[in-house]
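Hello,

Here is the structure I promised to pass on. Please have it open while you read; my notes follow.

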Amino acid sequence: MNYIGEHLFPGQLGHFLLVLSLVSSVVATIAYYRASNAKIVEEQKSWRKLGRLAFLIDAISVVLIFIVIYFIISSHLFEYHYAWNHSDKSLPLGYLISSIWEGQEGSFLLWAIWHGVIGIVLMKTAGKWESPVMTVLSFCQVCLATMVLGIYVFGLKVGSNPFLLTREVFQDAPIFKRPDYLSLASMQDGNGLNQTLQNYWMVIHPPILFLGFASTIVPFAFAIAGLWKKEHYGWTKISLPWSLFSSAILCLGIMMGARWAYESLSFGGYWAWDPVENTSLVAWLVMVAGVHTQVIYNSTGHSLRPTYFFFLTSFLLILYSTYLTRSGDLQDTSVHAFTGSGLNWQLRAFVFVFLLPGYLLYLARYKKIPYIQKEESSYSREFWMFIGSLVLFLSAMFIILFTSLPVVNKIFKTTFTVGSEVEFFYNRIQIFVAIVLGLLTAISQYLRYKDTNKKTFAKKLIVPTLISLVISAAISYLGGINYDRFGIGFLAAIHIALFTAVYATVANAGYIWSGLGGRLKAAGASVGHVGFGIFLVGVLISSSKEEVLSVNFLNPLNFGPDSDQKGTENLTLFKGVRTDMGKYWATYKKDSADKFDKKTYFHIEIEKKDNNKKFTLVPDLIRNTKGQEGLSANPAAKHYWNRDIFSYITYAEVMNADKDTAQFKLHPMANGDTVYYSNGLMVLEKVIPNPVTEEFDFKPTDTAIMADISIHSSSGRTFKANPVFYVKNNVVQYHMDTVFAEGLAIGLSQVIDNKHLGIIVKESSQLTPFIALKVLQFPFINLVWLGTIVMITGFIMSMVRRSKLMKRERVA
């Protein structure tokens with residue numbers, strides 16, 4: 001059958017590029033492997049040259065695949081399933097880009113693009129390590145290429161092809177029996193982008209996060225190269241800038257995701273111990289543990305074995321997180337997870353094809369890995385740095401163990417859970433991790449490698465210790481931190497953690513001057529530790545002092561027994577009615593729709609009672625896409641230097657209203673007449689000819705009258721209504737007025753005689769738009785974001801300094 005209107009060339013080009021990417025990555029892997037094992041220099045150069053050429057072809061192919069997919073999506077070629085399933089015509093440019101990585105294929109390609117960039121940099125900088133390191137990287141490109149191949153081998157699906165036509169995916173659908181199926185109404189638009197991805201953070205967060213994922217392969221590849229070539233004395237220095245870069249960029253990606261969750265999801269916060277969040281976090285924790293043991297080895301010769309182990313494990317955890325996210329095992333427990341795509345066997349193979357060779361090689365070489373038999377002094381920097389790395393690793397193992405419960409339950413048919421209080425389940429352990437890490441971060445910089453004079457060590461810590469005690473005590477006492485929901489023990493742990501967090505900040509800031517003489521270029525580690533301390537302070541204060549502002553005991557909504565929302569924590573706001581909210585007044589002013597992003601925005605005016613200062617919050621609701629029922633809330637926040645006021649809509653009548661069936665009733669009224677309604681009465685006070693108002697500016701030559709009507713409700717409240725009757729361009733028109741608080745629509749429909757006007761009145765509950773609004777206050781949450789920025793800055797400072805030192809050594 002010849003189908004009418006299909007654009008087949010982009011798909012054919014895409015298919016060709018997919019095959020080219022796979023073939024070139026295979027050639028690159030083989031060539032670099034032969035170069036690594038070649039004994040003759042000329043043979044090494046020949047194979048390496050071929051490997052470079054093949055890898056460059058692969059890198060270019062992957063970029064071109066990405067461009068072709070974007071062309072298909074931006075051109076709205078819905079004959080392609082990827083465009084139809086992940087986009088629609090209403091999406092702006094940023095969201096069209098986001099729709100590429102909504103699907104698994106696009107995110108794999110994004111990962112492969114970053115590998116291409118990293119590989120090109122390694123060709124220039126890796127030196128003698130290029131061939132073995134690029135062998136590992138090229139092989140990973142082979143694995144990623146198979147993920148988007150989309151072929152069947154002996155009935156087994158290998159990859160998911162982004163260039164399949166919609167009719168190829170739904171072969172049995174009757175619509176595709178017609179050659180002109182593209183002209184049908186159902187094919188004029190796509191299925192849309194997932195509503196949670198329609199946020200600007202999802203345009204920039206995934207590329208950064210996948211750069212972090214991709215970067216973890218570099219320390220892994222150097223570790224494999226060291227074990228493979230039995231050369232343990234060189235790779236740790238040349239790879240240190242890479243491990244620092246990976247730690248920085250992965251941290252940035254994770255925290256961008258936290259910011260997205262804070263601004264786009266409605267659980268009220270930035271971290272919910274979501275399984276997909278957790279798997280990214282544990283890889284970062286192990287990477288940071290590896291960075292510290294790598295520094296230990298470069299300085300003292302200790303801890304090479306754990307450095308190998310940590311770098312191998314960090315990358316393998318990235319692969320494991322890929323499996324968890326994409327297998328569908330977490331789709332019921334995580335907002336980030338993909339649904340299953342039939343690639344579970346391939347995702348598991350992706351993990352094991354690196355796990356088994358990596359760990360087996362590590363075990364085979366373990367005894368040959370250099371180590372110093374003499375134990376470190378307990379007053380040495382390396383001893384406590386290793387303890388800190390071990391704590392990071394154990395923390396990661398605790399998190400990943402319980403994050404994997406859905407997989408455990410699936411394999412063993414069990415029903416293990418972490419309980420209903422998910423956050424507390426993790427926090428009750430991680431609070432003690434924070435205490436230990438805060439303390440170690442504070443004191444370790446003041447220790448010297450090998451050994452430290454005890455008196456000098458103690459003397460240097462006196463001032464930062466006293467300052468930290470004073471500051472943390474002031475925060476605990478004046479800040480009123482009394483979070484006792486989980487008992488006095490957990491509250492005590494919060495106060496201790498607060499001290500160690502302040503201690504880490506003050507002690508490391510002091511060390512920049514007392515230990516480094518103010519040399520900021522050499523202070524990357526101290527700056528990073530200061531950032532970590534600030535981050536911990538922000539987490540502890542914003543979480544323990546989180547306050548619900550929207551307390552409501554007068555007219556709470558009943559959200560039902562299965563809802564996470566409590567009516568007493570959600571303010572019921574009627575449109576146009578100022579409502580008491582503790583220290584504030586809240587008024588639901590209006591709602592507005594945006595046809596481009598399909599959201600309804602709710603304008604809430606918040607007024608401080610003590611100084612009458614006002615600001616507007618604009619949370620929104622978007623209808624769920626892809627056939628899902630219901631609505632998704634996007635929060636809004638007012639940012640102050642010392643707090644955020646955070647809000648989101650939990651119910652909106654305007655989004656749930658059924659068709660209004662109430663009818664208007666005509667009431668002849670003269671000046672002073674009274675008409676009763678179900679909740680009170682209304683009086684026609686006077687009639688104003690040719691009124692001048694904000695809405696109307698009638699001239700003396702116009703014909704217009706406005707009724708001035710007072711509404712007196714049974715609750716004692718009084719309202720005004722001013723319907724207007726006028727003749728414009730010889731056409732009779734009238735302007736309705738609405739009293740939302742009473743559910744009244746009032747109009748002046750006619751002039752009956754010289755004394756009586758025809759007043760029409762409709763009573764309806766659906767004339768009273770109302771919303772349920774949850775408002776939270778997070779004190780000092782900006783410290784979380786500030787601490788993250790400072791910590792990443794520290795990583796980058798260290799990376800730059802180590803890179804410059806490496807260049808000097810190469811020149812020397």
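Predicted model: local features only at pLDDT ≥ 70, side-chain atom pairs only at ≥ 80, totals over all residues.

Let me start in a loop. Aspartate 697 sits in the loop between E15 and E16. Leaving aside residues up to four places away in sequence, aspartate 697 touches Pro691 and Val692.

Asparagine 690 belongs to the loop between strand E15 (680-689) and strand E16 (703-713). Its backbone is worth a look: asparagine 690 is not a glycine, yet its phi is positive, at about 40°.

Two lysines also have positive phi. Lysine 230 is one, with phi near 60°. Lysine 230 is placed in the loop between helix H9 (217-229) and helix H10 (235-238). With a relative accessible area of 57%, lysine 230 is exposed. The other is lysine 413, which comes just after H16 and has a positive phi of about 55°.

Now helix H16 itself. H16 spans residues 405-412, and its buried residues are Leu405, Val407 and Asn409. Which helices are included in what covers them? Helix H13 (304-326) and helix H15 (381-403) are among the covering elements.

Next, the aromatics. The count comes to 53 aromatic pairs. One of them joins phenylalanine 424 and phenylalanine 490. The geometry is edge-to-face, with 5.2 Å centre to centre and 80° between the planes. Why does this pair tie separate parts together? Phenylalanine 424 lies in helix H17 (residues 422-444) and phenylalanine 490 in helix H19 (residues 488-514), so the pair links parts that are 66 residues apart in sequence. Phenylalanine 490 has 14% relative accessibility; buried means under 20%, so this residue counts as buried.

A second pair is made by phenylalanine 499 and tyrosine 503. Here the rings are stacked, at 5.3 Å centre to centre and 25° between the planes. Both residues lie in helix H19, 4 residues apart, about one turn of the helix. Phenylalanine 499 and tyrosine 503 are both buried.

There is also an aromatic cluster. Trp111, Phe139, Phe210, Phe213, Phe220, Phe315, Phe350 and Phe354 form it.

Two charged side chains sit over rings:

- Arginine 305 lies over the face of tyrosine 366, at 4.1 Å from the ring centre.
- Lysine 609 lies over the face of tryptophan 585, at 4.7 Å from the ring centre.

How many cavities of 30 Å³ or more does the model hold? The count is 1. The largest cavity holds about 70 Å³ of space. Four helices each supply at least two residues of its lining: helix H1 (9-37), helix H2 (41-74), helix H5 (104-125) and helix H6 (130-147). The lining residues are Leu18, Ser21, Asp58, Val62, Ile65, Phe108, Leu109, Ala112, Gln141, Leu144, Ala145 and Val148. By class, the lining divides into 9 nonpolar, 2 polar and 1 charged.

Best wishes

Note on methods
Residues numbered from 1 in each chain as written. Heavy atoms only, no water. 1 Å grid on protein atoms, 1.4 Å probe; cavity = no way out; pocket = protein on both sides within 12 Å on 5 of 7 lines; lining within 4 Å. Points joined across faces, edges and corners; volume = space filled by probe spheres on them. Nonpolar A, V, L, I, M, F, W, Y, C, P; charged D, E, K, R; others polar. Phe/Tyr/Trp six-rings, centres within 6.5 Å; stacked < 30°, edge-to-face > 60°. Buried < 20%, exposed > 50% of the residue type's maximum accessible area, 1.4 Å probe, protein only. Lys NZ or Arg CZ within 6 Å of the ring centre and 35° of its normal. Contact = heavy atoms within 4.5 Å.
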